[in-house]
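I opened my notebook to look up how the parts of this chain pack together. Here is the model I worked from.

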Amino acid sequence: MLISQISKVSITKNLVILALLVTSMASFAQLQTAVQVVTNSNTAAESSQKNIDRLSDQTEELLVQYRTVISEIESLTVYNQQLESVVNDQNSQIQSMNNQMTELESTNRAVVPMVIEMVDMLRQIVESDVPFRINERIKRVETLESMLNASNVTTSEKYRKVTEAYQIELDYGRSVSTYQADIDGGVKVNFLQIGRTALLYQTLDEKSSGWYNTNTNQFEPLDDRYNASIKEGIRIAAKQAAPNLVGLPILFDVAGE
């Protein structure tokens with residue numbers, strides 16, 4: 001009977017221990033589950049934080065790019081406005097140049113014939129004038145005549161050259177100069193040009209003098225008494241002597257003499 005009671009007590013004790021073990025195992029399992037849940041939550045939270053940080057970085061980067069694009073757009077807008085102004089100004093200049101070209105073409109049609117006529121008239125003046133520096137003057141006219149047919153010379157330049165030649169001819173009438181050249185027969189002499197009033201000459205040995213007779217259009221000798229005056233006039237024109245009054249002959253023909 002006693003053994004039977006001990007056995008019942010032992011069984012009961014074992015059952016209690018077993019129940020405690022089962023309970024402990026169940027609690028441990030619940031604890032493990034709870035720990036796992038916390039661990040998973042932490043992992044998920046960490047992953048979410050990483051995603052948040054990544055998205056934040058991306059957002060910051062996009063914001064920087066956006067601001068950069070806005071700045072570039074503003075710069076391009078200002079540049080386009082400036083470029084538009086430049087283009088408009090260039091178009092205005094082109095239109096102005098086109099108008100000038102049209103006017104120039106019209107002017108050329110009027111100026112070119114006048115320039116040609118001026119050159120022809122200049123040749124007539126030189127050929128009919130007192131023949132001082134005749135080779136130089138004829139060559140100048142020939143140069144102008146060649147220039148008239150030159151396509152690489154503008155009309156304005158042709159006109160400038162012609163008026164320049166006329167100015168040179170005009171200055172000859174107010175000048176006194178001396179130069180060496182040949183007269184008829186190839187004799188080299190010193191010429192004394194006094195405007196268009198007189199063209200005198202003297203041989204290099206200063207022994208003979210002469211003048212250009214506009215009535216006969218020929219060089220004619222003068223009396224020896226004029227040698228000293230013509231010599232002095234030549235020296236003054238060559239700036240070898242101080243300016244002074246010189247008794248040069250007044251040359252003209254008297255009818256009947």
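These entries cover the nonpolar cores and then the aromatic rings.

Ground rules first. I number residues from 1 along each chain as its sequence is written, and the model is predicted, so local features need pLDDT of at least 70, side-chain atom pairs count only at pLDDT 80 or more, and totals for chains, interfaces and linings use all residues. Side-chain values use heavy atoms, without hydrogens and water.

Entry: cores. The largest one has 13 residues, and V115, V119, L122, L144 and V162 touch the most other members. Helix 1 (2-128), helix 2 (134-148) and helix 3 (155-172) each supply at least two of its residues. Helices here are DSSP runs of H or I, at least four residues; strands are runs of E, at least two. Helix 1 gives the most to this core, six residues. Another core of ten residues lies apart from it, and includes Y179, I183, V189 and Y201.

Entry: rings. Two rings pair if their centres lie within 6.5 Å; planes under 30 degrees apart are stacked, over 60 edge-to-face, the rest tilted. I found six aromatic pairs in the whole structure. Y179 and F191 are stacked, 5.2 Å centre to centre with 25° between the planes. Y179 lies in strand 1 and F191 in strand 2, so this pair ties together parts twelve residues apart in sequence.

Buried or exposed, what is F191? F191 is buried, at 3% relative accessibility. Buried means under 20% relative accessible area, exposed over 50%, partly exposed in between (1.4 Å probe, protein chains only).

Technical notes: A nonpolar core is a set of buried Ala, Val, Leu, Ile, Met, Phe, Trp, Tyr and Cys residues joined through side-chain atoms within 4.5 Å.
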